[in-house]
Amino acid sequence: MQYYLSGYQFGDPELRAPAPGFEHPPENLPDTVDVLIAGTGPAGLVLAAQLSTFSGFTTRIVERRAGPLELGHADGVSCRTVEMLDAFGLSSQLMREACWINETVFWRPDAQDRSRIARTGRVDDAAGELSEMPHIIVNQARLQQHLLEYMEKSPTRLTPDYGLEVVRVEVAESGDRPVAVTLRPTQGGAERTVHAKYVIGTDGARSAVRTSIGRELRGDVANHAWGVMDILAVTDFPDIRIKAAIQSAKEGNILLIPREGGYLVRLYVDLGVVDPARRDEIRRTPPEQLIAVAQKVLHPYTLEVKDIAWASVYEVGQRVTDRFDDVPEDRTGVQLPRVFIAGDACHTHSAKAGQGMNVSMQDTFNLGWKLAAVLEGRAAPELLHTYSSERQPVAQDLIDFDKEWSAIMASPPKDPAHPERGGVDPAELQDYFVRSGRYTAGLATHYPAGPLIGTSEHQALAQGFTIGTRFHSAPVIRVADARRLHLGHVHRADGAWRLYAFADASTERLDALLRWLSDSPESPVRRYTPAHADPDSVIDVRAIYQHSHREIEVDALPPVLLPRKGRFGLIDYEKTFSPDLVNGMDIFDLRGIDRARGALVVVRPDQYIGHVLPLEGHEALAAFLARFMLDAAR
């Protein structure tokens with residue numbers, strides 16, 4: 001973490017100095033804003049947190065509730081989401097508080113007595129070297145509190161405007177702020193209208209923003225009900241603190257998720273097929289009945305519930321909208337998007353796969369940096385088309401996965417004595433968990449070639465950094481202070497692109513690239529960075545050498561790796577790295593970097609790899625970034 005750039009300041013280093021004009025932000029929502037976000041769920045707060053860093057435009061977020069969420073229903077945070085939250089400086093806090101999901105165990109009917117369950121398997125939760133981050137469980141309300149605190153410490157001191165719900169959204173054909181949002185106080189009072197350049201609906205499955213732009217959730221209800229409850233219990237079930245998939249012969253299935261704090265446990269309890277005529281009755285199933293079912297499934301083990309923190313019943317359903325913005329399909333080339341939807345406003349699914357909150361936050365992490373780039377004049381508004389085109393297919397893939405996941409989780413175990421009755425072989429269930437590991441870890445997203453994703457002709461230069469996937473971090477040593485860290489952890493949620501230049505064997509290609517980035521009029525660093533801004537604020541250049549950090553003289557590094565920043569022109573020494581050779585963690589081997597030629601890995605602000613190019617590919621780099629970046633005003 002870097003601070004004191006503008007001078008020594010006592011106190012919390014995460015409390016950044018307020019931007020001019022934001023020292024005392026207005027308590028009341030103004031009539032005009034640049035960005036208005038509706039809904040303070042995880043998707044809305046990730047977007048608000050990202051935009052709170054930028055003081056060149058005005059962002060506000062409204063919420064119909066009277067205050068912050070106190071009891072959240074979502075709890076699973078995937079490895080990929082922890083990687084993303086690390087860009088906000090939140091990963092260490094969450095990992096300290098959370099329950100880590102390290103393994104999954106499987107229980108099925110005992111072969112000798114099918115009225116009893118027996119443990120039959122155990123697998124790593126995230127098999128293989130998928131991520132340096134764990135899969136964790138933390139209450140949604142606590143995660144949102146961390147994001148709220150991040151916003152309050154940001155240069156814009158952003159806080160939500162509570163007690164306001166969206167009534168309707170209307171988009172004019174012209175005007176500087178063409179989106180009119182009608183808001184109604186939830187505690188009574190007159191409606192009012194706020195005009196904005198862009199509006200984002202993260203206001204849930206009953207989204208008024210979605211309805212206003214004519215989008216519909218389309219899909220199916222599976223007619224299968226599950227009860228869910230967070231409980232404090234005394235039990236002799238031995239795996240109460242491990243994620244467990246439990247199949248009983250006749251009483252149904254349970255997915256058990258240990259919660260944070262060491263004592264709380266979540267149970268997803270199978271309630272079976274829903275009779276449409278009894279749908280309302282099923283939804284009113286009391287917690288006592290859920291407990292009774294769970295006790296039967298766990299036989300011969302006992303379960304004595306001491307307290308219920310939360311309980312609900314839901315029907316499995318998978319629905320998604322066809323687009324995530326307000327542009328009709330036949331007007332993509334002529335109409336710019338002004339209204340966007342994210343999270344449950346545009347895709348809903350079952351909770352058991354633990355993907356809803358995660359995919360929702362990834363939606364707005366994708367959108368946030370694009371909005372900032374457009375509003376700050378670093379990219380043309382056409383960039384915003386890529387939000388829907390990239391995220392809608394991801395949501396559709398989630399829907400398809402969730403249908404399969406929900407079906408297999410709801411199936412009874414196959415009875416060897418009566419194979420004609422169908423069901424799922426427990427070994428098949430375990431195998432499915434293993435095969436789905438990359439997906440449930442949040443690491444399956446792969447954006448295809450397009451405006452922000454290059455083609456693969458140079459992929460062989462960095463085989464472990466697949467173009468279109470998230471940047472897979474690896475251990476390195478920072479040259480200036482010999483600190484061991486993960487390269488991906490230098491990535492901040494600040495809207496900047498990262499250029500990771502992996503040195504060639506002789507460093508000749510690397511040296512030439514760094515000189516070009518520093519000196520050439522065609523250099524993207526020079527073209528796209530405003531004169532008054534820090535030199536790494538738009539494009540952040542990092543170099544990774546092949547030899548030991550002790551062989552590199554800091555004072556001999558190229559100027560682009562020692563940028564001068566802030567009002568004092570202080571030198572940033574944290575741009576240069578070497579492999580962790582002492583511990584045998586050579587990033588060149590781990591990520592398949594061509595040692596002879598090196599590689600240039602271009603990483604988007606949302607941590608996805610935009611391109612892999614040769615170090616000598618100066619013109620190709622310039623052409624790629626010129627697709628969407630605008631020259632800075634000088």
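Which residues in α8 meet which residues in α9? The panels below show a predicted model, in which local features need pLDDT of at least 70, side-chain atom pairs count only at pLDDT 80 or more, and totals for chains, interfaces and linings use all residues. Residues are numbered from 1 along each chain as its sequence is written, and side-chain values use heavy atoms, with hydrogens and water left out.

**Panel A. Contact of helices α8 and α9.** Val359, Gln362, Asp363, Asn366, Leu367 and Lys370 in α8 meet Thr386, Tyr387, Glu390, Arg391 and Leu398 in α9 (contact means heavy atoms within 4.5 Å). These residues divide into four nonpolar, three polar and four charged (Ala, Val, Leu, Ile, Met, Phe, Trp, Tyr, Cys and Pro count as nonpolar, Asp, Glu, Lys and Arg as charged, and the others, Gly among them, as polar).

**Panel B. Axes of α8 and α9.** The axes of α8 (residues 356-375) and α9 (residues 385-410) come within 10 Å and cross at roughly 170 degrees (axes are lines fitted to C-alpha atoms, for helices over the stretch in contact, and angles run from 0 to 180 degrees between N-to-C directions). The two helices are therefore roughly antiparallel to each other (angles over 145 degrees). Helices (H or I, at least four residues) and strands (E, at least two) are DSSP runs, numbered from the N terminus.

**Panel C. An open sheet of seven strands.** With mixed pairing, the strand order is β20-β19-β25-β22-β21-β26-β27 (two strands pair if DSSP finds at least two bridges between them). The edge strands, β20 (483-486) and β27 (609-613), each pair on one side only.

**Panel D. Strands β26 and β27.** Strand β26 (residues 599-603) pairs with β27 in the antiparallel sense over four bridges. Leu613 in β27 is the bridge partner of Leu600.

Note on methods. Angles under 35 degrees count as roughly parallel, over 145 as roughly antiparallel, 65 to 115 as roughly perpendicular and the rest as oblique.
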